[in-house]
Amino acid sequence: MEWLNDFLPLSLERMGIWIGAICTVALYSILYRENPAYRLFEHLFIGLAAGYSLGPLVGDILYKYWYLPLTEGAWWWAFAVPFGMWLYFIYSEKYGWVSRIVIGVLIGASAGLFFQQFCSLYVPQIYASFKPIIPTGANEGLLASNAINNFIFIVVLLSVLTYFLFSFEQRGPVKRTAVLGRWMLMIALGAIFGNTLMARMALLVGRVYYLLHDWLMQI
Amino acid sequence: MQLALDMSRDGATWMMAAIVVLAFLGMFGLVFLLQMLSTQGRRAIVVAVTFIAGLIFALEFFLPAQPVDGQDKNFLSDPTLQIQNFLQVVAGMALGLGTYGLLRLHLRNVVQKRAQWGYSASLLISLVVMGFLSIWHSLGEKNVEGQPLVATNETAEYIFSVLFNNMIVQMDAAMFSLIAFYIFSAAYRAFRIRSIEATILMATAMIVMIGIVPLGKAISEGIGLPAELPPEYAKEPFSLTAILYSLKLPTMADWILKTLNAPATRAIEFGVAVGGLATAIRLWLSMDRGLGV
């Protein structure tokens with residue numbers, strides 16, 4: 001009887017847990033088959049998530065980057081929102097092209113930022129990929145095991161890059177390197193797959209624990 | 001004195017409101033002017049703004065910089081920061097566009113009473129309620145001169161907390177954990193050994209999956225592999241103890257992730273980066289037909 005009193009949603013905290021449990025069970029019901037409970041909670045989830053996104057939009061973007069500069073006297077910021085609202089012309093057949101001006105600005109800026117990203121992110125990665133494989137004066141502490149690992153690292157990197165060479169027909173040594181690259185890709189994909197599966201399993205374990213521990217109070 | 005301050009504040013607020021209204025009127029008036037342009041003129045404008053937007057960021061990065069206040073800057077560094085903030089606002093409007101699209105679709109379902117319009121109604125109600133509470137909550141967290149920007153309400157905060165913590169967070173975790181079941185089914189198909197590639201994929205995934213959880217350590221130590229590598233063997237990788245330690249599932253999983261997975265993933269990233277660079281140049285120079293008007 002005491003367990004039942006604790007279990008039932010008789011307090012605000014228990015009510016919250018019951019709501020969470022009902023949401024979880026309703027979404028898991030899809031594992032049996034498509035049903036109205038799943039559909040309802042799926043729509044609720046989309047609505048809530050879309051609604052929630054408006055808070056950060058207003059508080060963290062419009063207030064911080066538009067309203068505050070305006071109040072500090074930067075009057076030209078007043079044009080940012082109406083310019084962004086040109087995007088909404090996308091639904092108009094007659095004025096739809098105006099939205100492409102805004103899209104053009106966003107795409108152009110993204111392209112410009114990508115040049116920066118390419119140089120600042122990928123160029124150092126290329127440099128860092130070529131690790132020492134022979135002990136010299138510059139890397140006296142290099143162990144044989146590290147040197148072998150570094151050699152394997154470079155071989156894998158180059159063979160996978162060779163696999164992606166589609167500009168000409170792969171023949172002879174290039175083809176053999178590409179085959180090795182394909183096997184290395186399989187290893188990488190297997191590792192990524194294993195990691196992803198375990199991450200999802202951790203989430204599933206978390207959900208089962210929530211149902212058994214928080215809701216049913218069984219463990 | 002206070003009255004004068006309040007009046008000057010009121011005056012500034014009215015002035016700001018007038019500027020915002022004028023900006024809206026001006027920008028929407030500009031649309032009607034732009035509408036008078038020919039198709040070639042419209043295309044030229046889209047191409048020009050795309051090019052200029054990209055050029056500013058490219059120039060800012062490639063032009064030589066001088067140390068100013070401990071940072072390397074050139075004459076475009078500060079303006080690009082302002083432009084990035086401006087683009088945040090514009091991109092924020094794009095987020096609103098997505099919400100507007102969702103509202104439009106589901107409102108139409110409800111108004112026209114299409115099949116299963118009740119689900120659309122539930123989506124709209126949850127969107128409107130959560131949107132209102134989320135904006136209220138977000139503005140309530142902002143402080144102006146020590147006071148919250150918007151007065152908060154305890155009941156509203158409680159409802160927001162229930163909707164966020166007990167619904168969104170729980171359903172988000174449930175949705176992502178659902179994928180585990182589908183991944184299992186995909187794994188069954190992917191792991192059927194039909195070729196050398198499938199065998200490599202399966203073996204690697206198995207080692208990684210078992211190696212990164214406590215089961216891998218338990219199995220390895222259960223068959224007698226050393227639990228730890230004594231420090232004196234750390235510099236002797238070819239000693240029997242070090243070799244046996246390397247055969248432990250957690251060590252193998254770690255080695256696969258760092259020595260085989262990392263370079264292969266990096267090679268994929270390099271390919272994506274070069275492809276992205278080519279696409280960025282095409283978009284920047286409006287060589288794709290997508291921006292045509």
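1. Housekeeping. Residues are numbered from 1 along each chain as its sequence is written, and chains are lettered from A, with ligands numbered from 1, in the order in which they are written. As this is a predicted model, local features need pLDDT of at least 70 and side-chain atom pairs count only at pLDDT 80 or more, while totals for chains, interfaces and linings use all residues.

2. Confidence in chain A. The average pLDDT (the predictor's confidence in each residue, from 0 to 100) is 90 for chain A, and 100% of the residues score at least 70. Helices here are DSSP runs (H or I, at least four residues; strands are E, at least two), numbered from the N terminus.

3. Domains of chain A. The assignment (automatic or from a database) gives domain 1 (1-73), domain 2 (75-129) and domain 3 (143-219). Domains 1 and 3 of chain A have C-alpha centres 34 Å apart. Seven residues of domain 1 of chain A are in contact (C-beta atoms, placed from the backbone, within 7 Å) with six residues of domain 3 of chain A. On the domain 1 side, H1 and H2 of chain A each give two or more residues, and H2(A) has the largest share, with four.

4. Where the chains meet. Look at 109 residues of chain B, which are in contact with 103 residues of chain A. H5(B) gives the most to the chain B side, 20 residues. That side has 79 nonpolar, 24 polar and six charged residues. In this scheme Ala, Val, Leu, Ile, Met, Phe, Trp, Tyr, Cys and Pro are nonpolar, Asp, Glu, Lys and Arg are charged, and the others, Gly among them, are polar.

5. H4(B) against H5(B). B:Met130, B:Leu133, B:Ser134, B:Trp136 and B:His137 in H4(B) meet B:Ala156, B:Glu157, B:Ile159, B:Phe160 and B:Leu163 in H5(B). By class, this contact has seven nonpolar, two polar and one charged residues.

6. B:Ala203 sits in helix H6 of chain B. Why does B:Ala203 count as partly exposed? Because it has 16 C-beta neighbours inside 10 Å; buried takes 20 or more other C-beta atoms within 10 Å, exposed 12 or fewer, and partly exposed lies in between, with C-beta atoms placed from the backbone. B:Ala203 is 12 residues from B:Phe191 in sequence and 8.8 Å from it in space, C-alpha to C-alpha.

How values were computed. Two residues are in contact if their C-beta atoms, placed from the backbone, lie within 7 Å.
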